[in-house]
Amino acid sequence: MSAPSVAGGGSLNGSPTVRCQLGEREAFRELVAMWHPRLWRYVRGMVSSPHLADDLAQEAWVAVVRGRPRLRQPERFAPWLFTIARRTVTDHLRQTYKAPETAMEEASTVVADDELGSVLTMMQIEAGLAALPPLEREVLILFHLEDLPLASCAEVLGVPASTVKSRLYRARRMLRNHLAEKGYEA
């Protein structure tokens, strides 16, 4: 099976997203088969346990089933799915730490992309993710591992694209420093 497109899997006429919204059970199975590995990888990148990632991914899929009538643009399934997953993870982290979410630091300037993104392999990114704070880890997962475009990352994170760019820049720098400490050259 090929990787699902960011738009949610092909033309809208035969789209599993649309068919799922129309109540076709097999279409939901197709959506899960197409998107679960990416959803799970995102959730796993945000939490410490694979078992917890299983539970949270399942919780996100339940939210997808419940929320499917509210998806107005089926071609925007990927950002919608990752937004649900993000909310699920955030809710879990809030309950775990019983503290309000850290105020998001907004960069006042957009920093140009650096060369790190072009030289890092996916394995290097995954190896260093655990060392990063959640906001930086999350933006790297969405952009580099899930291949969401900048606009979709902004939609999932609920911030402007310029903020995504600055977070990516900061996250790459943090990752580069971490990898350098571990002996990787970036």
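The questions below go through a predicted model of one protein chain.

This is a predicted model, in which local features need pLDDT of at least 70 and side-chain atom pairs count only at pLDDT 80 or more, while totals for chains, interfaces and linings use all residues. Residues are numbered from 1 along each chain as its sequence is written, and side-chain values use heavy atoms, with hydrogens and water left out.

Q: How many helices and how many strands does the protein chain have?
A: Helices (H or I, at least four residues) and strands (E, at least two) are DSSP runs, numbered from the N terminus. Along the sequence the pattern reads α-α-α-α-α-α-α-α-α. The count is nine helices and zero strands.

Q: What percentage of the residues in the protein chain is buried?
A: A residue is buried under 20% relative accessible area, exposed over 50% and partly exposed in between (1.4 Å probe, protein chains only). Of the 186 residues in the protein chain, the buried part is 42%.

Q: Is the ring pair of W35 and F82 stacked or edge-to-face?
A: Rings of Phe, Tyr and Trp (its six-membered ring) pair if their centres lie within 6.5 Å; planes under 30 degrees apart count as stacked, over 60 as edge-to-face and the rest as tilted. The structure holds five such aromatic pairs. In the pair of W35 and F82 the centres are 6.4 Å apart and the planes are at 75°, so the pair is edge-to-face.

Q: Which helices does the pair of W35 and F82 link?
A: W35 has a relative accessible area of 0% and is buried, and F82 is buried at 0% as well. The two residues are 47 residues apart and belong to distant parts of the chain. W35 lies in helix α2 (residues 25-46) and F82 in helix α4 (residues 77-97), so the helices asked for are α2 and α4.

Q: Which residues form the cluster of ring pairs?
A: W35 and F82 are both in the cluster.

Q: Are α2 and α7 roughly parallel or roughly antiparallel?
A: Axes are lines fitted to C-alpha atoms, for helices over the stretch in contact, and angles run from 0 to 180 degrees between N-to-C directions. Angles under 35 degrees count as roughly parallel, over 145 as roughly antiparallel, 65 to 115 as roughly perpendicular and the rest as oblique. Helix α7 covers residues 134-145, and its axis is 9 Å from that of α2 at an angle of about 160°. That makes α2 and α7 roughly antiparallel.

Q: How many residues in the contact of α2 with α7 are nonpolar?
A: Contact means heavy atoms within 4.5 Å, and by this R41, Y42, G45 and M46 in α2 meet P134, R137, E138, I141, L142 and L145 in α7. Ala, Val, Leu, Ile, Met, Phe, Trp, Tyr, Cys and Pro count as nonpolar, Asp, Glu, Lys and Arg as charged, and the others, Gly among them, as polar. Three of the residues are charged and one is polar, while the nonpolar ones number six.

Q: How many of the twelve residues of α7 are buried?
A: The buried residues of α7 include L135, V139 and L140. Helix α7 is mostly covered, and the number buried is ten.

Q: What is the phi of D147?
A: D147 sits in the loop between α7 and α8 and, at 51% relative accessibility, counts as exposed. Although D147 is not a glycine, its phi is positive, at about 55°.
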